[in-house]
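Thank you all for coming. Before I say anything about this chain, please take a moment to look at the sequence and the model side by side.

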Amino acid sequence: MCFFDVGQATFFLAQGGLMLNSAVADCSRFELRTGGHQAKLKCETDVKKLISAFAFVSSGLSYATFHCPFYKQVPPACAGALSNLVAALANLEDRKSTRLN
């Protein structure tokens with residue numbers, strides 16, 4: 001499990017970087033002023049995807065700390081579960097924003 005948790009954290013860290021790049025492009029002052037309501041929704045979606053990706057990074061690191069052989073403690077598992085909750089809520093909001101587009 002430890003290996004997969006670290007892999008998940010690494011994957012979502014890379015995805016978070018891509019989402020950050022997308023948010024910077026879509027949430028610029030120029031885009032928001034000239035794109036109207038659609039641009040604001042697109043920016044909102046990008047930010048929610050960014051929050052979700054970094055929450056999954058937090059989850060992966062927390063569960064890696066919990067599952068790796070020498071660190072069997074409950075607090076990292078609790079933090080991982082809370083991070084999963086934050087990521088799931090951000091994904092849910094992202095889906096709602098995407099549907100409204």
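A residue is called buried when its relative accessible area is under 20%, exposed when that value is over 50%, and partly exposed in between. Please keep in mind as we go that what you see is a predicted model.

If we take the contacts between residues at least 6 apart in sequence, 67% of them join residues at least 24 apart.

Now to the cysteines: which residue does Cys27 join through a disulfide? The partner is Cys43, with a distance from S to S of 1.9 Å, and the count for the model comes to one disulfide. Cys27 lies in the loop between helix H1 (2-26) and H2, while Cys43 lies in helix H2, so the pair ties together parts that are 16 residues apart in sequence. The torsion about the S-S bond is about 115°, and therefore this disulfide is right-handed.

Is Cys43 buried or exposed? Cys43 has a relative accessible area of 12%, so this residue is buried, whereas Cys27, at 22%, is partly exposed.

Finally, Lys42 also lies in helix H2, which covers residues 29-67, and Lys42 is partly exposed, with a relative accessible area of 45%. The C-alpha atoms of Lys42 and Leu32, ten residues apart along the chain, are separated by 9.4 Å.

Terms used: Residues numbered from 1 in each chain as written. Predicted model: local features only at pLDDT ≥ 70, side-chain atom pairs only at ≥ 80, totals over all residues. Heavy atoms only, no water. Helix = DSSP H or I, 4+ residues; strand = E, 2+ residues; numbered from the N terminus. Buried < 20%, exposed > 50% of the residue type's maximum accessible area, 1.4 Å probe, protein only. Disulfide = S-S within 2.5 Å. Contact = heavy atoms within 4.5 Å.
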